[in-house]
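Please keep the structure open beside you and find each place as you come to it.

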Amino acid sequence: MTSSTVTSEFQALLLAEFLVEPRLRDEFGISGTMSELAAQFSEPVAKAICAVVSSQTGLVLPPDAMEAVLKVVSAQQQMTLLSRSVADVLATIRSPHDKYNSCCRSAICHAIVGAYDNASGALYHASRVNDSWARHHHLYGLLHGARNRQEKARYELEQAYAQEPWKESKVRIAQALALLKNPSA
C-alpha cells in the first residue's frame, strides 16, 4: 500500500468511528438542519446586522458581503463545530467522564470534516481529564494515521490497545495497528 492509500484507510477508520458512536449521526444531522436554516435566513439577517452596525457606528457595510460571511459561517462544518463546542461546555458541568466522552465525540466530528487541528485540540482536552483512558489514544492514533504520521499513530494505537477494556474496541484498534505493521498488505 502507498502512504496515500494508508492515509485513506485511516480516514475510513475515522468515519467508521463516527458511524459506531451512538447518536452522533443524529447530532450531526441536527447541525445540518441548523446550517440550512442559517443559509435560508442569511439575507435578512445580513441586512439587519448592517443596519445595526451602521446606526451604532456610522460604518456602512455592504449587505452582500455580510451575507457571504454568514453563509460561510453557517456551513455544515462550522455549525457542527459550534454545536459540539456547546456540548463540550455542558458536559464539563456534568462530570469529568461526560467531558471526556464529549471531547472524544467532538474530535470525531472535527476529523470527519477535515478539521484535524480542531480534532487534536478536542483530544488534548480529553487527555487532560484522564490520560490513562483508551478512547482518546485510539482517536489520536487514527488522526495521526490520516495525517501520515505513522510513528505517532503507532504509539497512540499501542497505548489505546493496552488500556482498552472492551473487546469490540480492541478489534478496531488492532485493525488500525495492522495497517501500520503491514503497509504492503
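1. A helix here is a DSSP run of type H or I with at least four residues, a strand is a run of type E with at least two, and both are numbered from the N terminus. With that in mind, the protein, which is a predicted model, reads along its sequence as α-α-α-α-α-α-α-α-α-α. In other words, the protein has ten helices and zero strands, and 38% of its 185 residues count as buried.

2. At 1.5 Å a residue, the 17 residues of α6 should span 24 Å, and the C-alpha atoms at its ends lie 25 Å apart, which agrees. The expected span is 1.5 Å times one less than the number of residues, a detail to remember when you repeat the calculation. The buried residues of α6 include Tyr100, Cys103, Cys104, Arg105, Ile108 and His110, and just after the helix Gly114 takes a positive phi of about 85°.

3. Which two residues form an aromatic pair, and how are their rings arranged? A search of the whole structure finds one aromatic pair. Its members are Tyr100 and Trp133, whose ring centres are 4.7 Å apart and whose planes stand at 90°, so that the pair counts as edge-to-face, for which the planes must be over 60 degrees apart. Tyr100 belongs to helix α6 (residues 96-112), whereas Trp133 lies in the loop between α7 (116-129) and α8 (135-146), so the pair ties together parts that are 33 residues apart in sequence. The two partners can also be described by their accessibility: Tyr100 is buried, with a relative accessible area of 3%, while Trp133 is partly exposed at 30%.

4. How many of the residues of α8 are buried? The count is twelve of twelve, and the helix is thus mostly covered; among these buried residues are Arg135, His136, His137, His138, Leu139 and Tyr140.

5. Two packed helices are described by the angle between their axes and the distance between the axes. The axes of α8 and helix α9 (residues 150-163) come within 7 Å and cross at roughly 155°. Angles over 145 degrees count as roughly antiparallel, and α8 and α9 are therefore roughly antiparallel to each other. Their crossing is left-handed.

6. Finally, look at a contact between a charge and a ring. The charged end of Lys170 sits over the ring of Tyr161, 4.5 Å from the centre of that ring.

Definitions and conventions: Residues numbered from 1 in each chain as written. Predicted model: local features only at pLDDT ≥ 70, side-chain atom pairs only at ≥ 80, totals over all residues. Heavy atoms only, no water. Phe/Tyr/Trp six-rings, centres within 6.5 Å; stacked < 30°, edge-to-face > 60°. Buried < 20%, exposed > 50% of the residue type's maximum accessible area, 1.4 Å probe, protein only. Lys NZ or Arg CZ within 6 Å of the ring centre and 35° of its normal. Axes fitted to C-alpha atoms, helices over the stretch in contact; angles between N-to-C directions. Parallel < 35°, antiparallel > 145°, perpendicular 65-115°, else oblique. Left-handed = near helix turned anticlockwise from the far one by under 90°.
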